Amino acid sequence: MVSLLQSTQRGLYCPVGDFYVDPRVAVNRAVVTHAHTDHARWGCRHYLAASPSEHLLRMRMNDDAEFEFMPYGESVTVGGVDVSFHPAGHMLGSAQVRLEYRGEVVVVTGDYKLGADPTCESWQPIPCHLLVTESTFGLPVYRWEPDEVTSGQINQWWRESRDAGLCCVLYGYAVGKSQRLLAGLDPSIGTIYTHGAVEKGNEAYRRTGVKLPETVFVGDLDRKHNFTGGMVVAVPSANGTPWLRRFGKVSTAMASGWMAVRGARRRRAVDRGFIVSDHVDWPSLLEAVRSCDPDTVWVTHGYTAAVARYLQENGRDAVAIDSRSRSESDEDRSQDSDDAPSEDGADDS
Amino acid sequence: MIRFADLYHALDSTTKTNVKIAAMAKYFESASSSDAAWATYFLCGNKLRRIVPTKLLRIWAAEEAGIPSWLFDESYHAVGDLAETLSLVVPPGDIKDDDSLAFWVNERLEPLRKMDEEAQRQHVVEIWNQTPAQLRFVVMKLITGAFRVGVSKRLVTRAIAQQSGVSADVVSHRLMGNWKPTPSFFESLVDPNVQDTLASQPYPFCLAHPINVEDGPQAIGDVCNYEAEWKWDGIRGQVIRRSGQTFIWSRGEELMENRWPEIESAAESLPDGTVLDGEILASQSDGTVLPFAQLQRRIGRKTVGKKLLTEVPVVFHAFDILECAAEDVREEPFAERRGRLEKLLSDCDHPHLRVTELISGMSWDELAKVREKSREMNAEGLMLKHKDATYDVGRVRGTWWKWKVKPFTIDAVLIYAQKGHGRRASLFTDYTFALWDGDQLVPFAKAYSGLDDQEIRKVDRFVRQNTHDTFGPVRSVTPKLVMELAFEGLQRSKRHKSGVATRFPRILRWRHDKQPEDANRLSELLEMLGDQE
Ligand SMILES: [Zn+2]
Ligand SMILES: [Zn+2]
């Protein structure tokens, strides 16, 4: 019997339906969990994804592709396999892909988190036989605070910096993280400015109907604009570049799950590090596995070996399908990835 | 304790000196004397002796977190710091009472030492249950004896001076030597009226600035304003003779007792109320200075045997006088102090107490020629001292200059790499370099510094992509990268495969223009050793 899903060099492959889920290379048929480019690979001929990711995917993928979008919870049959999308809580339009064929159910989480996020629908558990989970932050040192706590910290930093006559520069990944950060900012403190890449993401979010606070694109302002007291949301690769000069005296911060570790914080060379992640932390990864209660878990994307071994020792059938350790795989990831911890330009969540 | 933990994180998250000083001053402003004393103690770089074995902490933390020990190790590996791993792995606790820093140290941490393992465990777990991660990190740093924060003693001094109104010189002097972090110590530290009378107390050391080896000394002004001396390669020390007692301090403010008996007995011939600054050197009876390698045989020995005493006698080469006839003379010009020093030492005339020789009346060019002889003299180069300068505290520019000889340099191939510590825990930053011997590459030096952050990231990536073999933490990599190394000296060594050990090796630059086969040969390194011997 052929299994419903196979782990191959080119990514997760469903032989019955002849399609890939989050392929690693350009393929004919791609079912994608979300619009980050380490999941939605550029150059495929056909993309199938959840409806709320439509604007983002069309913006980021090749124009000559065919796109098909499904509302959350509705299923479509591809080569006899029922395919449906369910909220993953990672970013706008992010989905877990559920496959069902002759009573067997497989769920691919893509990137996901359990905590609340005002810019996307919340993750929900799906009972399944096989669960393919990410493990970007799959070590017990990673534990997130609730969203309100971190937004509170960021707003407090903004207020203090404003009172000290500084302009805040907050770095987050252009699509997903930045919009979540924006949604948590308190616009009564001052004006919110955006970097070009972030503003492009905002457009797609707004067109999809997500409410974001009012933002001013830095590129629309004249060179002498005074930014004191403002908040600039920018991509991390802008740190340390001449682009920052126009903001005058600044306080810089990075928002990322990697900021939980002091060494990573210091390497970033920013004034502050806020622990804001769009991935599952250790406790919620375990909770997710418990509530989906699969017979088998495939662990991918991150601390795969550690998570698989821990699950095995706790009586669940688990394998690491992406055997390279995370530090080895960092640099192989796309610069646009949301998961790489230390490379410049590549950011995580 | 929350305020102290906040201070730690404030200091840790900035590189700006003024922000650091302001954060410390703010802390001292509203700290009790007992807290301020402990804070001063820790900020100056002192640590508690390790209170609980780290092995036990690791076991308990894994148990509390409900994880197996291999997963704790895996986490530790990812984080790179034990106290931090302990603070992150155990689920966060809730603060019950915010006890003071002094209470924590005296009542919660120190008593742990005397408890049995079970009681220790109970208390440590209680601490975990009552601390969120940030606060716990600082407590764990104290418990593991690894507390360190990025401020120098000089910055602490400035912060205390700024906050208390006592001058930085006075604070700095009072912070010298051994003291206990008691409330009364801190009160006298910031007391504007107290007389400083402690017999053993040294003065802060005057430090020299380097002269750029390529540019030479012309930029510092007219040669007539300076005196030159050899820059000896020994141990900088302060010899104090007060109240019929002798104290010898190292520059690291360590009181060196019974280590240099020759100098201690020589100091008995000094009048009371004398403080000399100079260099401890291994030296023959005729005054010839021996190589540092000889002195090294006596370093690190708490007591010295007869054999070693005869083989490696030491001499104190005094080059300055800070206190004369119980009077602080640091404000006098160098030339005047030098006069006092010469007179004093010719009066006491002891073979183990010499005045360092002045090299006078030369032009810069002539001095440059003299400097070329440094290695023969077992010196590191020349010192240039402004004749009118007072004995400065801290790092005032323009009074003392060190004009070192050019370092040895050699092109070597990177063959092993290892991850760094602390800030660089997840990057490959510690390298081993090799030279050619026939068609073999023989490792000869380890170097940790010299590359900028961007280059470090490039090497890190190279290592990950070109690993051949892994021996524990060490990766062997394809021999491809060539770097120019600089080092101060060489000595024969049986422990090294290459047969030589280098002193202070560092990376001068990455030779992108060279292929591995262009690197130097081991025989070329050995020739340098010949030059030196
Ligand atoms: Zn993602
Ligand atoms: Zn991802």
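A residue counts as buried under 20% relative accessible area, as exposed over 50%, and as partly exposed in between. By this scale A:Asp186, with a relative accessible area of 24%, is partly exposed. A:Arg159, at 34%, is likewise partly exposed. The structure described here is a predicted model.

These two residues form a salt bridge, in which the closest N and O atoms of A:Arg159 and A:Asp186 are 3.8 Å apart. The pair links distant parts of the chain: A:Arg159 belongs to helix α2 (residues 147-163) of chain A, whereas A:Asp186 sits 27 residues away in the loop between α3 (177-184) and β13 (192-194) of chain A. Over all chains, the structure holds 41 salt bridges.

A second salt bridge within chain A joins the side chains of A:Asp278 and A:Arg180, with an N to O distance of 2.6 Å.

In chain B, a salt bridge is formed by B:Asp347 and B:Lys343, whose closest N and O atoms are 3.1 Å apart. Both residues lie in helix α16 (residues 334-348) of chain B; because they are four residues apart, about one helical turn separates them. An α-helix has 3.6 residues a turn, so residues three or four places apart point the same way. B:Asp347 and B:Lys343 are both exposed. Elsewhere in chain B, salt bridges that share partners join B:Asp411, B:Glu484, B:Arg509, B:Arg511, B:Asp513 and B:Lys514 into one network.

The contact between the two chains was examined next. Chain A contributes 23 residues to the contact and chain B contributes 31 residues. About 2500 Å² is buried between chain A and chain B, and carbon and sulfur atoms give 49% of this area. Of the area that chain A buries against chain B, 24% is supplied by A:Val141, A:Arg262 and A:Arg267, more than by any other three residues.

Three salt bridges are counted between chain A and chain B. A:Arg262 takes part in a salt bridge with B:Asp12, and the closest N and O atoms of this pair are 2.7 Å apart. Six residue pairs are in polar contact between chain A and chain B, with both residues at pLDDT 80 or more. On the side of chain A that touches chain B, the elements giving two or more residues are α5 (262-267), α7 (304-313) and α8 (326-329) of chain A. The residues of this side comprise nine nonpolar, three polar and eleven charged.

Helix α4 (residues 196-208) of chain A has 13 residues, which at 1.5 Å a residue should span 18 Å; the end C-alpha atoms are 19 Å apart, in agreement with this value. The buried residues of α4(A) are A:Val198, A:Glu199, A:Gly201, A:Asn202, A:Ala204 and A:Tyr205. Among the elements that cover the buried residues of α4(A) are α1 (54-60), α3, β13, β14 (216-217) and β15 (231-234) of chain A. A:Gly209 follows α4(A) and has a positive phi, near 100 degrees.

A:Tyr205 and A:Arg102 are 103 residues apart along the chain, and their C-alpha atoms are separated by 37 Å. A:Arg102 is found in the loop between β9 (95-101) and β10 (104-108) of chain A. With 75% relative accessibility, A:Arg102 counts as exposed. The side chains of A:Arg102 and A:Tyr101 are joined by a polar contact of 3.3 Å.

A loop residue of chain B, B:Gln130, is placed between α8 (117-129) and α9 (133-143) of chain B. B:Gln130 has a relative accessible area of 14% and is therefore buried. Leaving aside residues up to four places away in sequence, B:Gln130 touches B:Gly93, B:Asp94, B:Ile95, B:Lys96 and B:Arg108. With B:Arg108, B:Gln130 makes a polar contact of 3.2 Å between side chains.

Methods:
Residues numbered from 1 in each chain as written. Chains lettered and ligands numbered in written order. Predicted model: local features only at pLDDT ≥ 70, side-chain atom pairs only at ≥ 80, totals over all residues. Heavy atoms only, no water. Contact = heavy atoms within 4.5 Å. Buried area = accessible area lost by both parts, 1.4 Å probe. Salt bridge = Lys/Arg side-chain N within 4 Å of Asp/Glu carboxyl O. Polar contact = N/O pair within 3.5 Å; in protein donor to acceptor, adjacent residues only side chain to side chain. Nonpolar A, V, L, I, M, F, W, Y, C, P; charged D, E, K, R; others polar. Buried < 20%, exposed > 50% of the residue type's maximum accessible area, 1.4 Å probe, protein only. Expected span 1.5 Å × (residues − 1).
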